[in-house]
Amino acid sequence: TLLSCLFVPFVVKKMKSSNRKMPLHRLQTQAAVCAEIVLQAVSQSLLEGKPADRCLKDAFYANRQLGSRDRRLIGETLFSVLRWWGWLRRLEPRPFVDAWEKRRDCPEEIPAAHWYRVLVGAWLLESPEEVPQAVHVWAGALEPADLELNFTARDASWQEKWCSLTPLFYPAKNPKGDLLELVPDWALELPAAEEKIDWTELIGWLQKRPPLWLRAQISDVAWLCRNLQEQGLQAYPHDKMQYALRSRATSLNLRAMPAFRHGDFEIQDLASQCVGLVCDPQPGEQWWDACAGGGGKTLHLAWLMQGKGSVVASDIRLHKLDELKLRARRAQFPNIRYKEWKGKEMPKWNARFDGVLVDTPCSCSGTWRRNPGARWSSYPEELPEFTRLQKQLLSNAALAVKPGGTLVYSTCSMFRVENQDIVEAFLAENPQFELYPFVCPLDERPCNGMRQIWPEHGDCDAMFTAKMKR
């Protein structure tokens with residue numbers, strides 16, 4: 001184990017280490033513990049399909065002795081491994097890779113030291129401004145002792161990044177890298193939404209750490225930015241969406257900030273914020289968020305309606321509605337109601353609402369940048385069940401739209417089968433609805449009623465939105 005190993009000399013290029021030093025024995029202990037937790041989370045994410053953020057939450061709860069520095073190291077290493085898994089799996093212990101490829105449990109317990117090449121490789125590819133000292137420990141345990149490690153620049157090409165890994169391969173192995181390995185093979189074969197995907201460009205975006213997007217829930221955005229800055233968080237308004245605030249990923253506990261506890265802002269991706277703006281609910285109207293989930297879009301609708309009128313939030317998962325109730329109470333929105341909905345027809349709601357938002361469950365492929373583990377725990381055979389459910393939810397929710405009312409369908413998918421195909425099939429079967437052209441709030445580009453947002457459009461998730469009128 002790392003606890004008993006000594007530093008092995010190695011050459012490092014373009015590497016800036018943390019200035020804060022700690023005794024060797026403490027550093028070795030930190031590196032060993034953090035590696036074990038990272039690898040446990042990697043196993044849960046890849047072999048069990050557990051969301052990486054939930055893996056972290058459970059790990060931190062079970063290891064409450066961890067300090068903020070340890071938590072940051074674990075979180076950044078985990079997401080880096082998952083982000084670059086398409087390449088790093090070449091360095092993984094073979095039994096684990098076999099288990100992942102065959103979708104079964106790993107047949108044997110693999111010592112953490114067998115993973116150090118992977119952990120070091122993840123940091124080589126991430127091009128950090130400052131390399132944690134634990135990475136030195138992991139690198140120092142590798143053989144041969146004269147490894148020459150090169151941390152690439154942030155703007156390095158993917159070929160340069162791949163070359164940075166070559167010292168980590170054993171001498172008998174020197175494989176060639178392929179950019180397309182960074183997404184699942186099956187995804188490359190699916191028709192893309194709206195337009196042909198330039199996978200080279202898209203993967204370039206998927207491999208970048210996403211920014212932190214907030215949504216102001218007060219009108220004085222300038223005051224909120226100053227308030228956040230006083231608490232150590234720099235946030236800047238989007239040039240076209242004034243209530244969308246951009247910041248860098250941070251180790252600060254945002255939910256502990258007074259502004260958050262007062263309901264002054266929510267954490268919501270920029271593309272997701274576009275959906276509420278496309279809905280364009282007016283004060284005094286009645287809206288139904290049919291698949292509300294945790295309620296980010298529900299809160300946005302209520303905010304846009306200035307607390308007037310009503311928003312009914314429904315979901316099949318009651319615990320999600322309980323989360324939304326807490327968020328709505330914090331934000332002081334009195335105009336939100338809650339209702340369990342299992343996706344079936346609701347005759348008593350026929351033609352009741354001015355607007356209905358159907359943000360359906362999907363492959364979540366549009367969030368692969370923010371949730372890189374989902375790339376490797378999603379499978380093509382899941383898509384038929386998603387599309388069946390999407391058709392059902394859209395058709396049944398549409399019955400609740402008043403004549404002249406608005407129906408909005410959205411997913412965080414980048415595949416046509418979950419987006420345009422669903423909308424076109426719905427319109428063919430429901431001639432009383434038609435596409436309603438709108439201007440995308442993200443870039444002010446007009447569209448015919450359907451719009452696919454890509455990461456390149458706003459440094460955000462991919463999101464599809466269709467707006468229809470009855």
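Relative accessible area sorts residues into buried (under 20%), exposed (over 50%) and partly exposed (in between), using a 1.4 Å probe and protein chains only. By this scale Asn350 is partly exposed, at 42% relative accessibility. The model is a predicted one, in which local features need pLDDT of at least 70 and side-chain atom pairs count only at pLDDT 80 or more, while totals for chains, interfaces and linings use all residues. Residues are numbered from 1 along each chain as its sequence is written, and side-chain values use heavy atoms, with hydrogens and water left out.

With neighbours within four places in sequence set aside, Asn350 is in contact (heavy atoms within 4.5 Å) with Leu399 and Ala400. Ser68 lies 282 residues from Asn350 along the chain, and the C-alpha atoms of the two are separated by 52 Å.

Two packed helices are described by the angle between their axes and the distance between the axes. The axes are lines fitted to C-alpha atoms, for helices over the stretch in contact, and the angles run from 0 to 180 degrees between N-to-C directions. Angles under 35 degrees count as roughly parallel, over 145 as roughly antiparallel, 65 to 115 as roughly perpendicular and the rest as oblique.

Helix H1 (residues 24-48) packs against helix H3 (residues 68-83) at an angle of about 40 degrees, the axes lying 9 Å apart. H1 is therefore oblique to H3. Their crossing is right-handed, a crossing being right-handed if the near helix is turned clockwise from the far one by less than a right angle, and left-handed if anticlockwise. On the H1 side the contact is made by Gln30, Cys34, Ile37, Val38, Ala41, Val42, Ser45 and Leu46, and on the H3 side by Arg69, Asp70, Leu73, Ile74, Thr77, Leu78, Val81 and Leu82. In terms of class, the contact of H1 with H3 has 11 nonpolar, three polar and two charged residues; Ala, Val, Leu, Ile, Met, Phe, Trp, Tyr, Cys and Pro count as nonpolar, Asp, Glu, Lys and Arg as charged, and the others, Gly among them, as polar.

H1 also packs with helix H5 (residues 94-102), at an angle of about 35 degrees and with the axes 9 Å apart. Val42, Ser43, Leu46 and Leu47 of H1 meet Phe96, Ala99 and Trp100 of H5 in this contact, which has six nonpolar, one polar and no charged residues. With helix H7 (residues 133-140), the axis of H1 comes within 9 Å and crosses at roughly 85 degrees, so H1 and H7 are roughly perpendicular to each other. Leu27, Gln30, Ala31 and Ala35 of H1 and Gln133, Ala134, Val137 and Trp138 of H7 make the contact. Its residues divide into six nonpolar, two polar and no charged.

The cysteines can be described briefly. A search of the whole structure finds zero disulfides, a disulfide being a pair of cysteine sulfur atoms within 2.5 Å. For Cys274, which is in no disulfide, the nearest cysteine sulfur is that of Cys440, 4.8 Å away. Cys274 is buried, with a relative accessible area of 2%, and Cys34 likewise counts as buried, at 1% relative accessibility.

Backbone geometry brings two further residues into view. Most residues other than glycine have a negative phi, and most peptide bonds are trans. Gln332, although not a glycine, has a positive phi of about 60 degrees. Gln332 is placed in the loop between helix H15 (318-331) and S9, and is exposed, with a relative accessible area of 64%.

Asp459, also not a glycine, has a positive phi of about 55 degrees. Its loop runs between H19 and strand S16 (463-469), and Asp459 counts as buried at 13% relative accessibility. Pro210 is 249 residues from Asp459 in sequence, yet the two are 7.0 Å apart in space, C-alpha to C-alpha. Not counting residues up to four places away in sequence, Asp459 touches Trp205, Pro211, Trp213, Arg246 and Arg369.

His457 belongs to helix H19 (residues 455-458) and is partly exposed, at 22% relative accessibility. Beyond four places in sequence, His457 touches Leu442, Arg445, Arg451 and Gln452. Of these, Leu442 is 15 residues from His457 in sequence and 7.7 Å away in space, C-alpha to C-alpha.

How values were computed: Helices (H or I, at least four residues) and strands (E, at least two) are DSSP runs, numbered from the N terminus.
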